[in-house]
Amino acid sequence: MGLLLLALFLFWAARLLLLLAWAARLLLLSGSRRRPSRRQRQPTTSPKRPESLRRGIAPPAPKVVEQQEQKPQTQHQDSLPAAAKPQASKASNCEAKIPLRLPSLNHLRNIREGDRVLNRLRLEAAVSEEKLPIVIGSLRRVSPYVLEELLLTCCSDQGWQIERNFCYSGDGGVDGRVAIAGKEYLIQAKRYKSHINPGHILEFCQAIEREGAAGGFFLHTGKTGPLSKEHLRDVHVILISGQRLVDFILGRRLKIVGVTISVPPD
């Protein structure tokens, strides 16, 4: 009886090993068949812009100017603050067109998640009277990387040409860039639950000076304390928070006036 059981055990063990060998062979064959197909799908020329980036990267600068300026072109230049206009030595940096860059797969995932959150917020705000707690509360719960991509998408909805970063760490305190009327502005997005850190504003001002940009947008979900407002007094940083941030998220058109954001009535 013992020999019979041992023989049955060896028989089924041999069959199991045979099945495992066939499964491993099938995996190797399927992997070798997929590799050439991926190489064949790689473009031989410069990659085309994916469809999912239609909202992630704005069209070239001439198209943005056409969409944004239905009035005389000088109106946008006159609306910019005199202090925000770059010096002659920095004109080439500020007026340079932002190159077209393609985000990584990680960025694409965050862009799609930001679009999903943005669409949900706009639907909820459309049927609610209390829009500020809904929008600010939701923004404080999302990932900081998703918040960056969501706010850059809102910049694109304003008709501004945007440039997203390739990496989230080591970005020098700059989360993105926008081009408005031929001038380059830096973007800094911060997710706060209380008062903002004044040191972050100082670092952002240093980044603007280092990059030679015309100014910057500091967008945050917290509260602006008196020390932070003092730092913003003599710099070309446009602060977007509170109700301004809610209007910005909901897609209301914004104008640059001095160093503040003016929201025109509907």
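Analyst: Let's begin at alanine 181, which is found in the loop between E2 and E3. Please keep in mind that this is a predicted model.

User: What is the value of phi at alanine 181?

Analyst: Phi of alanine 181 is near 55°, and that is a positive value in a residue other than glycine.

User: Which sheet do they belong to, and what makes a strand of it an edge strand?

Analyst: They sit in an open sheet of 5 strands with the order E1-E2-E3-E4-E5 and mixed pairing. The edge strands are E1 (161-164) and E5 (237-240), because each of them pairs on one side only. On average, neighbouring strands of this sheet are turned by 25° against each other, direction ignored.

User: Why is the contact of arginine 177 and glutamate 211 called a salt bridge?

Analyst: The label asks for a side-chain nitrogen of Lys or Arg within 4 Å of a carboxyl oxygen of Asp or Glu. Here the N to O distance is 3.0 Å, so arginine 177 and glutamate 211 qualify. Arginine 177 is in strand E2 and glutamate 211 in helix H8 (residues 198-211), 34 residues apart, and the pair thus links distant parts of the chain. There is also a network of salt bridges that links Arg177, Glu184 and Glu211.

User: Are those two partners buried or partly exposed, and how do you know?

Analyst: Buried means under 20% relative accessible area, and partly exposed lies between that and 50%. Arginine 177 has 13%, so it is buried. Glutamate 211 has 28%, so it is partly exposed.

User: How many salt bridges does the structure hold?

Analyst: It holds 7 salt bridges. One of them joins arginine 116 and glutamate 113 at 2.5 Å, N to O. Both lie in helix H5 (residues 105-126), 3 residues apart, about one turn of the helix. Arginine 116, at 45%, is partly exposed, and so is glutamate 113, at 30%.

User: What makes the salt bridge of arginine 122 and aspartate 157 a tie between parts of the chain?

Analyst: Their closest N and O atoms are 3.2 Å apart, so the distance is within the 4 Å cut-off. Arginine 122 lies in helix H5 and aspartate 157 in helix H7 (residues 144-157), so the pair ties together parts that are 35 residues apart in sequence. Arginine 122 is partly exposed at 24%, and aspartate 157 is partly exposed at 29%.

User: Which residues have the most contacts inside the largest nonpolar core, and what supplies that core?

Analyst: That core has 32 residues, and Val178, Phe217 and Ile249 have the most contacts inside it. Elements that each supply at least two of its residues include H5, E2, E3, strand E4 (215-220) and helix H10 (242-249). H7 gives the most, with 7 residues. Apart from this core lies another, of 14 residues, among them Tyr192, Ile208, Phe218 and Leu239.

Notes. Residues numbered from 1 in each chain as written. Predicted model: local features only at pLDDT ≥ 70, side-chain atom pairs only at ≥ 80, totals over all residues. Heavy atoms only, no water. Pairing = 2+ DSSP bridges. Helix = DSSP H or I, 4+ residues; strand = E, 2+ residues; numbered from the N terminus. Axes fitted to C-alpha atoms, helices over the stretch in contact; angles between N-to-C directions. Buried < 20%, exposed > 50% of the residue type's maximum accessible area, 1.4 Å probe, protein only. Core = buried A, V, L, I, M, F, W, Y, C linked by side-chain atoms within 4.5 Å.
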